[in-house]
Amino acid sequence: MDFEGSRSALSAYTPTVLLELREGQWLDAKSVPYEPQSPGKAEELAKDVASFANSGGGLLVLGTATRLNGGEESSTGSSPSAGRRSISTGCAH
């Protein structure tokens, strides 16, 4: 699945299609939300968003765990530490 296909699936409220996708140039999964009140975490958010903005866009998927799959990280679904937030998304163009 590509970036546009993933965005369409999210717009159709079918986020499970992102499961097992590998993180890469347009997809980054985080098991816990960013903490903007923490200077280091705010810097990490800014870096991730700027990276997507400089490369044409991407999806940040919050509240989903990842695992190594063939040396690359893949989304595995809701993270236990994410609580009831499940999968939240944001995108940069």
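Visitor: Why is Asp28 called buried?

Guide: Buried means under 20% relative accessible area, with exposed over 50% and partly exposed in between (1.4 Å probe, protein chains only). Asp28 has a relative accessible area of 16%, so Asp28 counts as buried. Please keep in mind that this is a predicted model, where local features need pLDDT of at least 70 and side-chain atom pairs count only at pLDDT 80 or more, while totals for chains, interfaces and linings use all residues. Residues are numbered from 1 along each chain as its sequence is written, and side-chain values use heavy atoms, with hydrogens and water left out.

Visitor: Where does Asp28 sit?

Guide: Asp28 belongs to strand E1, residues 27-30. Strands (E, at least two residues) and helices (H or I, at least four) are DSSP runs, numbered from the N terminus. Both faces of E1 are covered, with Leu27 and Ala29 buried on one side and Asp28 and Lys30 buried on the other.

Visitor: What makes Asp28 and Lys30 a polar contact?

Guide: A polar contact is a pair of N or O atoms within 3.5 Å; within protein, one must be able to donate a hydrogen and the other to accept it, and residues adjacent in sequence count only if both atoms are side-chain atoms. The side chains of Asp28 and Lys30 are joined by such a contact of 3.5 Å.

Visitor: Which residues does Asp48 contact beyond its neighbours within four places in sequence?

Guide: Contact means heavy atoms within 4.5 Å, and the partners of Asp48 are Asp28, Lys30, Tyr34 and Leu60. Asp48 lies in helix H2, residues 39-54. Its relative accessibility is 8%, so Asp48 is buried too.

Visitor: How do you know that E1 and E2 pair?

Guide: Two strands pair if DSSP finds at least two bridges between them. E1 and E2 have four bridges, in the parallel sense, and Ala29 stands opposite Val61 in E2.

Visitor: What do E1, H2 and E2 make together?

Guide: They form a right-handed β-α-β unit. A crossover is right-handed if, with the strands pointing away from the viewer, the path from the first strand over the helix to the second runs clockwise.

Visitor: Which residues make up the largest nonpolar core?

Guide: A nonpolar core is a set of buried Ala, Val, Leu, Ile, Met, Phe, Trp, Tyr and Cys residues joined through side-chain atoms within 4.5 Å. The largest has seven residues: Phe3, Leu10, Leu18, Leu21, Leu27, Leu59 and Val61. Helix H1 (3-11) and strand E2 (58-62) are the elements that give two or more residues to this core.
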